[in-house]
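Trainee: I would like to learn how to read the contacts between chains in a model. Could we work through an example?

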Amino acid sequence: MNAHVSSLGDAALSLLPPVARFNLRIAPADLAAAAKAFGVDLPTRIGQGVHQGARSAWCLGPDEWLLHAPEAEQAAIVAAFDAIRPSAAHSLTVISDREVTYGLSGARATELLTTGCPIDLRRIAVGDAKRTVFDSAQVVLLRDGSQDWRLEVWRSFAPHVEALLTTAQHELAAGF
Amino acid sequence: MTDYRVAGRGRVDHGKPVKFTFDGKTVTGRAGDTVASALLANGQHLMGRGFKYHRPRGVVTAGSEEPNALVGITRGNGRFEPNTRATMQEIYSGLTAESQNKWPSLAFDVGAINDRLYMMFSAGFYYKTFMWPRSFWDSVYEPFIRKAAGLGKAPTEVDPDQYASRFLHCDVLVVGSGPSGLAAALTAGRAGADVVIVDEHSEMGGTLLSEPQAVIDGLPAWEWLAGAVAELDAMSNVRRMTRTTAIGYYHQNMIGMVERITDHLAMLPENAPRERMWRVRAGEVVLAQGAIERPLVFHGNDTPGVMLSGAAQTFLNRFGVLVGKRPAVLTSHDSAWHSAFDMAEAGAKVAAIIDTRDVVDAALHDRAASLGIEVLTGHTATATRGRLRITSVRVNPVRSGTVGAGRWIDCDALLACGGWTPSLHLFSHTKGSLHWDAEAQVYLPGRKSEAVQIAGAGRGLWGIGAALDDGATAGAAALRSLGKSASAPSYKVSGDRIGTGVFHKELPTDRSPGRAKAFVDFQNDVTAKDLRLAVREGMKSIEHVKRYTTNGMATDQGKLSNMNGLTIAADALGKEAPQVGLTTFRPPYTPTTFGAFCGYHKGAQFEVTRKTPIDGWAETHGAVFEPVALWRRAWYFPKSGEDMHKAVARECKATRQSLGIFDASTLGKIEVSGPDAVEFMNRMYTNPWTKLGVGRCRYGLLLGEDGFIRDDGVIGRMREDLFHVTTTTGGAARVLNMMEDYLQTEWPDLKVWLTSTTEEWATIALNGPNARKLLAPFVEGADISAEAMPHMSVVECTVAGFPSRLFRISFTGELGFEINVPARHGRALWEKLWEAGRQYDICPYGTETMHVLRAEKGFIIVGQDTDGTITPQDAGLDWAIGKAKPDFVGKRSLARPDLVAPNRKQLVGLLTEDPKTVLIEGAQIVDDPNQPKPMKMIGHVTSSYWSEALGRSVAMAVIEGGHGRMNGTIHVPQAEGKPIRATVTTTQFYDPKGERLLVE
Amino acid sequence: MLLIHCPYCEDTLPELEFAYAGEAHIVRPQDPSALSDEEWRDFLFIRTNVKGVHAERWRHVNGCGRFFNALRDTVSDRFVTTYKAGEARPEPETLEAAE
């Protein structure tokens, strides 16, 4: 499961197991209905994350949310949103397989990301998220701790991103 | 070789000898030496040959502005770098350096014949010398230019090194670590700001490394420096970077910096990148780049041994090397006097101090007298002697503008100083304006366009004390701009060398200026005479003078030559320097390796290669791949001994006869969802969507607003309010962007949302008469019989237990299904179908077979059969237009005069007269093959294949008025041989009635 | 590399997250079929190409995904201001007042 790609020096990189992942689009006016369906108070500031139990939601755009839940709950969540569709128009798209998720941790995990991320990572608060780029791939960064990150990237871009991170990880481990 | 090392001087480790080779000879230096300082320590000034005239050249500077001492460095395994500055390359045990532009040897070079042909290479010789006779171009001139062009040799092997890159954000970036840079970094760092300070040299200190005599706040300069460095290192908010060059200053305080990581190491550590490109975004930048010494322009000023006085001082004080035992000094500035004094104190016999000025500070005269140095004021230099090293300099008195009789002074080095130029290269990158200081005769920073402070000698200040105070002030100012506060300390400095000077055009001479070889640009071999000739020949702007003469266009970007060039050109034009202007400095500040720019993008990571979930299976099964957009796709699956033609013919045949399996995962997929989804679809696509039932599919055609075809794909209606849209592989991102654009900015009132699901699904296409037979046993939750699931329908079910969106569609003309399953299951499903398909001789096919099969049916590929100028009518797709719809993207354009004009190029089929002839895609088409050239071309071939099913070739083409030419004959001229005749047909070559879809 | 302020994210971010999307305030006509050929031509192709402050569209494609408008000086390349799609082009006076 939690297959380690590599754990080297001060920055470990691992491919995380699948989760139930959704792209939710809904008018902010209808957000309460979606929050009820998902069982999590959905955040309203772009970048903000909210975590309740095993479910998480991050606001990625003015009417866009990324939802995570345990895999086993995927069908139930789809059904819950189906139930509110007549009263609260929205789009809930399963994207569990669209992306893969890498975990980055260790004292230099943030530095590892600076090999490909142009943004100032210090400005992402713990618990929040940011859609941005890593090298030439679009990614979503989820910050779990000061040196704990998840990086979600479209499946076909993953080998490229992983290869770059691994190269950079060896660079860090070698003291450069 | 004679030893020029001075024991006890400098910062090199005298106890650590380091051996390296230069042109094959072993040279011993000291740990801490550069190639240049080590060679000088061994008495060698000759380090290269000139670019045009191949004249012997020696080292001129001690830094990155060096124009002459360029060497090639070899490290084995393909590692070779030309044009490395010997003044910047640190030595290590085993370093292999070689000189450039010489043959057979540095001391005797055949190419120096060019020096005798001097007149041939004057300004603008590129435009004159090679003009006639015309027949000489191929046989004489071009080979000559090719042999002569370029500096150094290009590497011949693949560079095995890794290169890295990094983004960095900070409050204050300080460029340069001389006194002003250090003071700025200390000030900002102590106030708690995130500070980065960089220097291109191996250690920090700048001028302080060359001026150990100064005393700062009671401490000798080097002690103070060690303390400052230790204090910076102790601050966790300060990052101190050496061997790092700020190469470019870009918008909004983005600075590009290259860090050289391994070039100074004898052993290359594993996983160490050679260089790293830093992209720094700084709140404030402090430029503390100092000033660059200006050479003097006189006949023979390029003889080895003639060098800048500040460089001699650096070689002595930083590296412990006397550049000569009997040096002479030629100067127009006080600073060179100190170089003479330092050298005299270190044991050199200074031959003379020759100053162009009539009056010089008495204190300097007194000091010279006390050291027994002859002083000649009001003098000029008119020639040098010595070919591989200077032996004497000819000096003449100048009285009231008249040059008197010359006298030769013996010397083994000539330290020249023509004043100092503030280094404003990076500031110029920002498009900040430069202000001409008429009194100081220098350009200084003017209006700023970035959040930048310029400190120290970079803004014309002179002396360590002034630089320290100014740096501290700049550091505090930077913090104030960031809304923080810092106090700028003041420094007490004694032993400072504060001086003044004047600038010159060419030095006055008693000889014919027309014969003078007085060099302005050493690297491009441009003389003062060339600049004056350029002006005489009509060049008025400094930009024209620069390009005509190539002054300042070498790899040093005119660090030494621009101001002298400007002064001389202004004199020739009879104008003041600011009226003539200054050429623009551009990044990079110093030559930068391609590797640093590429970073991690080499080898397999050269660019993103997107792979489908089934890619691994294709690779295992011998697929040949082709790139499609960023994807790599299986192109064909050759069996042993098959070429592409044979493999594709077999794959086509197997699919049409029984069953083919194809990985269609790269197709773009977009979820269009929401109550207004159907309205949105009606507006975006040409087709009508309202009446499309849930569970049915339709071919969708997307135009640009200009009426031309942009994309196409099959679209399924999953729910009343949900469409599963497919796009072309290459068009996926573009189509989604276009849809978002209309939705967000034109129709924000529509309640509909778009989500890319390209990578959520793996897509497997089954085509052939046995497709349903294979598939049916795997399907649960749906009836896929011909009655229950007609052509162009879609159903949600499970396939082999995987949740699936199953389409019955066909891009081949055979009974076809496309199975979408969550991407992680793609390969497992493929393998199950593959196993079960053996009973039907299932055949995996690639994109080439897909192309052939669709061409046999006349299905277009957007981007191959269309080129951005093809309308639906042109492509014969009028049927896909919802004529009753009031509007859709591109509809209005279809009525534009040019789009309804007769004789537009239209898509047709072509059948060659000889069925075995396969036309070349892209070939031009003419009506009459016998017309004179240039022929009128009426169209071109867009698709062309061998059709195994038809036993002949088929092609598609766009031809003027093509739809009206049915059964007519056209001709396709060939590069060699007769034009090919072909008949115009419809594009439906195979099974035009579509009967093969009706498999029960 | 420019820094661009996204009016939706209310954050200033590297240009690498953004894509240029042509001139701003060119509204697609409600009823294109009512336009003359010349009017439609102007809508399709005629652009201002100013030297100076230019109203243009950008998309925060590697961020919140929104299209927005910007005033940018084509001489200095600098962004003067950015604002949400659908909002009126800011007048020069309001810009100065905001500073």
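Mentor: This is a predicted model. Start with the polar contacts: across the interface of chain A and chain B, 22 residue pairs are in polar contact, with both residues at pLDDT 80 or more.

Trainee: Which elements give two or more residues to the side of chain A that touches chain B?

Mentor: They are β3 (20-26), β7 (90-94) and α4 (158-173) of chain A. The largest share comes from α4(A), with eight residues. By class, the side of chain A that touches chain B holds 17 nonpolar, 13 polar and 14 charged residues.

Trainee: How many salt bridges are found across the interface of chain A and chain B?

Mentor: The rule finds nine salt bridges there. One salt bridge pairs A:D30 with B:K751, and their closest N and O atoms are 3.5 Å apart. That pair qualifies because the cut-off for a salt bridge is 4 Å.

Trainee: What area do chain A and chain B bury between them?

Mentor: Chain A and chain B bury about 3700 Å², with 53% of it on carbon and sulfur atoms. Of the area that chain A buries against chain B, A:D97, A:S156 and A:F176 supply 18%, more than any other three residues. The contact involves 44 residues of chain A and 43 residues of chain B.

Trainee: How do I read the contact of chain C and chain A?

Mentor: Between them the two chains bury about 1000 Å², of which 52% is on carbon and sulfur atoms. Three salt bridges link chain C and chain A. In one of them, the side chains of A:R123 and C:D11 meet at 2.2 Å, N to O.

Trainee: What does chain B look like on its own?

Mentor: Chain B has 25 helices and 52 strands. Its C-alpha trace spans about 115 × 70 × 55 Å along the principal axes. Of the 1000 residues in chain B, 61% are buried. Chain B exposes about 38100 Å², and carbon and sulfur atoms supply 54% of that area.

Trainee: Where does B:N101 lie, and why does it count as buried or exposed?

Mentor: B:N101 is in the loop between β7 (96-99) and α2 (113-116) of chain B. B:N101 counts as buried because its relative accessibility is 16%, and the cut-off for buried is under 20%. B:N101 and B:R55 are 46 residues apart in sequence, while their C-alpha atoms are 9.7 Å apart in space.

Note on methods
Residues are numbered from 1 along each chain as its sequence is written. Chains are lettered from A and ligands numbered from 1 in the order in which they are written. Side-chain values use heavy atoms; hydrogens and water are left out. Buried area is the accessible area (1.4 Å probe) that two parts lose on being put together, summed over both. Helices (H or I, at least four residues) and strands (E, at least two) are DSSP runs, numbered from the N terminus. Buried means under 20% relative accessible area, exposed over 50%, partly exposed in between (1.4 Å probe, protein chains only). Accessible areas come from the Shrake-Rupley method with a 1.4 Å probe; for residues, only the protein chains shown count as cover. Contact means heavy atoms within 4.5 Å. A polar contact is a pair of N or O atoms within 3.5 Å; within protein, one must be able to donate a hydrogen and the other to accept it, and residues adjacent in sequence count only if both atoms are side-chain atoms. Ala, Val, Leu, Ile, Met, Phe, Trp, Tyr, Cys and Pro count as nonpolar, Asp, Glu, Lys and Arg as charged, and the others, Gly among them, as polar.
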